[in-house]
Amino acid sequence: MELSDLQLFCDVVETGSFSRAAERNFVSQSAVSQRIRALERTYGHVLIERGRGKGVLVPTQAGQILHEGAKPILNQAAELDALLRGISEEVSGTVRVATVYSVGLHALPRRLKPFLAFHPRVNVHLEYSQTSKVYRDVASGTVDVGIVACATPRAGIEVTQFGEDAMVVICAPENPLADRTSIGLSALEGQPFIAFADDIPTRHLIDDHLRAANAQVRIVLSFDNIETIKNLVEIGSGIAIVPEDSVRREAREGALCVIPLAPGDAFRRPIGLLVKKSQARRAAVTAFVEAMRV
């Protein structure tokens, strides 16, 4: 049994998806599936329920037992790795990063690729998570770095700036707003609106700006996943305000119309790097933070 196989298994359980676990570990989906089946042969138990039409993969009873037992082992192994590598200034080893989807899928890759090219001995273990969990995992040391939108100071956590996203209005190509070259927030009054979920910091930022403009949109649906929001806007269920980086592909393909906010109403979403406050930090983590910050 390899620790990397246990990590893959835990990632499948925590994401509920072979494809997302593959993204976290920079391997193919088929490789994840094969290694999970190898674990199942080793233990003589089915560990993941498949083909039940649930949409999300869930562990069997044996899988739950393995997951609960594997997490402490993986955390201890990571701590030992950090301790030993901290003795040296060599930039190598694993950097565990947790981020939200809208940042991890769109803003992070253009910085991550040159970092990995410059530091080939560093492995970045990337996971997508909810904002509240990112804070918890950074504070507990489960991950080395968190990246979230609208970061706020928390006890034991240091926040530095990763960057900013320009916020734009999106609509389906057939929407009457689609021919506008820019738009004020007051023009969104009464529009059917696909919003971020209540507990998402980006939702609070958007609400504050709509309130300041005395614009009352008609929220028809809300989600914590930006991809779902874009899909619903694309089929005409409403309009939305999202980070511009997150819709560049859809704009190029003509699937969505992207409308900049008028100068008086334009605003940006700040993105922050979160690290646990400590005097000592592994060289790889320090290099990663320095490469990511503005």
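Helices (H or I, at least four residues) and strands (E, at least two) are DSSP runs here, numbered from the N terminus. On that basis, E250 sits in helix α10, residues 248–253, and the whole protein has 11 helices and 11 strands. This is a predicted model, so local features need pLDDT of at least 70 and side-chain atom pairs count only at pLDDT 80 or more, while totals for chains, interfaces and linings use all residues. Residues are numbered from 1 along each chain as its sequence is written, and side-chain values use heavy atoms, leaving out hydrogens and water.

**Overall build**

- Along the principal axes, the C-alpha atoms fill a box of roughly 60 × 50 × 35 Å.
- Take contacts (heavy atoms within 4.5 Å) between residues at least 6 apart in sequence: 74% of them join residues at least 24 apart.

**Surface and burial**

- Of the 294 residues, 47% count as buried (under 20% relative accessible area; exposed is over 50% and partly exposed is in between, with a 1.4 Å probe and protein chains only).
- The accessible surface comes to about 14,600 Å², and carbon and sulfur atoms hold 51% of that (Shrake-Rupley method, 1.4 Å probe; for residues, only the protein chains shown count as cover).

**Nonpolar cores**

- A nonpolar core is a set of buried Ala, Val, Leu, Ile, Met, Phe, Trp, Tyr and Cys residues joined through side-chain atoms within 4.5 Å.
- The largest one has 37 residues, and those with the most contacts inside it include V169, I170, L188 and V242.
- Elements giving two or more residues to this core include β6 (157–171), α8 (201–212) and β9 (240–243).
- The top contributor is β6, with 5 residues.
- Not counting residues up to four places away in sequence, V242 touches A166, M167, V168, I170, F196, I226, I229 and V247.
- Another core lies apart from it, with 33 residues, among them V97, Y101, L108 and M292.

**Back to E250**

- E250 counts as buried because its relative accessibility is 5%.
- Leaving aside neighbours within four places in sequence, E250 is in contact with K230, A255 and L256.
- R136 is 114 residues from E250 in sequence and 33 Å away in space, C-alpha to C-alpha.
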